[in-house]
Structure formats: C-alpha cells, structure tokens
Amino acid sequence: MSLTLPTLHTARLTVRPLNLADVPAFTAYHNDPEVALYQSWDMPYPLARAEALAREMQVLTSEWATLTLEAKGGAALGNLSVRCTSYRTAEVGFTLARAEWGRGYAHEGLTALLSWLFEDESRGGAELHRVHASLDPRNARSAALLTRANFRFEGCSVAAYWHRQSWTDDAHYAMLQSEWHTQQEALRS
C-alpha cells in the first residue's frame, strides 16, 4: 500500500505532511529530554535528519511517515507518525512539544488520522482493517492518550527491546476498523 498522506482539518488543528518550514520546531521538541525520554530516536536529534525527513514524500508505506500538528496560527505543535506493518494494518505514533502537553492536541490529531485511516477508500480514506501502537508502559501520558482514543490494551511484552542502555517492556494497543465505526455511530446517536 502506498497512499499520499492527506491534509486533515479539526476544530483547532491542521494535520498535514511535514515540510521544511516545520524543521526548526520539529528539531527543538525532538531534542527536549522529557519529550524524547520514551522515544526511539538518538539524542541529540540533528537538524539535518529533520530536513531529510521533511524532503521525503510523506506516503503511507512500510516506512515511517510524518504529519505535523499545526495550530490555527501556523505553529507546529507536534507530529503524528504512521507506517504500514502488514496488509491493511498500520502502526501510529505521536510526539508533542512539552509546552503543548495536556491540551488535547494529540488526541484531536490522532482522532482525525484514525478517521482517515479507517475511512472507506471510495470516500478518500485508507480503508485499513487494524491500527496499532506500542509504547514503554512507563509512559503514562501516551497510555492515557491511547485509552482516551478508545484503543484496546492488548498486553505487554516483557523486556522486548533495547532502549537507552536497558531492556524495556513494550505495551501493545490496537483498534479495528469495525470498533472505530461502532464508536463513531455511538457518538452520532
């Protein structure tokens, strides 16, 4: 599967592919030790890496693609990441500048992305069957976000990956397209 990532609009955000104008903010929050604590990138996060990422075509493939969470005033607040992991299945991730934590931006952006990922292809969506996410279970904020977005906790792999000089657990969350549609119907009722 290879789909160009869309530009999505919410009440407070534009969710759009990463571009070169986002690079300074993207690099700044990726270099914040509190933001990076449970993330997979090495520190310091180089500006050149962010520039290279912004120059890439942001498409839904097996490689991570990046969408910027842009405030109505134009500021880059954070980003969502997405990649295909198998047939009609994708993994999502999210990163938010620390100054924006607790304001609901990640939830708002993730909800818009899920809507597109689960939407029927005939209506411009990716029509995926399953979306999943994994995280270090010590990352309580991210776990709370996934729970709030109605992801189902599927379990935890113990000491599953090497991260920052130690073995780390990996908590697994997922949602099926059918679950998404059921939730959306309940919201409309």
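Visitor: Which residue does G78 stand opposite in β7?

Guide: G78 stands opposite L96 in β7. The model is predicted: local features need pLDDT of at least 70 and side-chain atom pairs count only at pLDDT 80 or more, while totals for chains, interfaces and linings use all residues. Residues are numbered from 1 along each chain as its sequence is written, and side-chain values use heavy atoms, with hydrogens and water left out.

Visitor: What joins strand β5 to β6?

Guide: β5 (residues 65–71) is joined to β6 by six bridges, and the two strands run antiparallel. Within this pairing A65 stands opposite V82 in β6, and in the hairpin, which has four residues between the strands, G74 takes a positive phi near 105 degrees.

Visitor: Why is strand β6 called largely enclosed by the rest of the structure?

Guide: A residue counts as buried under 20% relative accessible area, as exposed over 50% and as partly exposed in between, with a 1.4 Å probe and protein chains only. Eight of the 11 residues of β6 (residues 76–86) are buried, which is why the strand is described as largely enclosed.

Visitor: Is S2 buried or exposed?

Guide: S2, which lies in the segment before β1 (3–4), has a relative accessible area of 54% and is therefore exposed. Leaving aside residues up to four places away in sequence, S2 touches V59, L60 and T61, where contact means heavy atoms within 4.5 Å.

Visitor: What makes α1 oblique to α3?

Guide: Helix α1 (residues 23–30) and helix α3 (residues 47–55), with helices being DSSP runs of H or I of at least four residues, pack at an angle of about 130 degrees, with their axes 9 Å apart. Angles under 35 degrees count as roughly parallel, over 145 as roughly antiparallel, 65 to 115 as roughly perpendicular and the rest as oblique, which makes α1 oblique to α3. The contact involves V23, F26 and T27 of α1 together with L47, A50, E51, L53 and A54 of α3.

Conventions: Axes fitted to C-alpha atoms, helices over the stretch in contact; angles between N-to-C directions. Pairing = 2+ DSSP bridges.
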